[in-house]
Amino acid sequence: GTTKNGEQIYLQRDRVNPVAKGVQFLTRKDFASYSAYNYKGEKVGNIQLDRKSKKEMNTTWMEVNKNHGGKGYAQTMQNLGEQISRDMGASKMTGEVIGLSPNMLHISEKNGYAKIGEVKTKEMMDSWGGLTLIEKDLR
């Protein structure tokens, strides 16, 4: 994908260790973790996707490494995650943005995601500053 600054980044699926493969098989979960690299081959972040249903994929985690922030990597990683999800047959993308990351909520809204709810339990507020539930139609 191409960042807002014209830089190319790509996702590479991470190897899944044998224990994770076993959990994936037993739980029938379809999840994958991808590392993001820039054109220099530097790891700039990662994204994890989980199939919630035949037509829904969920971004369970996305992170840009601290020294690579502000370069458009998060938006591009989100776009690449959506493309992977479309390729897997999904028509809806969902996610939960932590309250401690207002920049990610702004990026997601810029990328066409809609807020569909919030989780503000004491536990979520103490751990993550709450969660904002988001979704996007991929059709």
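## Glu135 and its partner

Glu135 is partly exposed, having a relative accessible area of 27%, in what is a predicted model. Its side chain forms a salt bridge with Lys92, and the closest N and O atoms of this pair are 3.7 Å apart. Because Glu135 belongs to strand β7 (residues 131–137) while Lys92 belongs to strand β5, the pair ties together parts of the chain that are 43 residues apart in sequence.

## Glu56 and Lys92

Lys92 also takes part in a salt bridge with Glu56, where the closest N and O atoms are 3.9 Å apart. This pair, too, links distant parts of the chain, since Glu56 lies in strand β4 (residues 56–64) and Lys92 in strand β5 (residues 92–98), which places the two residues 36 positions apart.

Lys122 and Asp126 meet through their side chains in a salt bridge with an N to O distance of 2.7 Å. Both residues lie in helix α4 (residues 122–128), where they are four residues apart, or about one turn of the helix, and both Lys122 and Asp126 are exposed.

## The network and the total

Through salt bridges that share partners, Glu56, Lys92 and Glu135 are joined into one network. The count for the model comes to nine salt bridges, among them the pair of Glu135 with Lys92 and the pair of Lys122 with Asp126.

Technical notes:
Residues are numbered from 1 along each chain as its sequence is written. This is a predicted model: local features need pLDDT of at least 70, side-chain atom pairs count only at pLDDT 80 or more; totals for chains, interfaces and linings use all residues. Side-chain values use heavy atoms; hydrogens and water are left out. A salt bridge is a side-chain nitrogen of Lys or Arg within 4 Å of a carboxyl oxygen of Asp or Glu. Buried means under 20% relative accessible area, exposed over 50%, partly exposed in between (1.4 Å probe, protein chains only).
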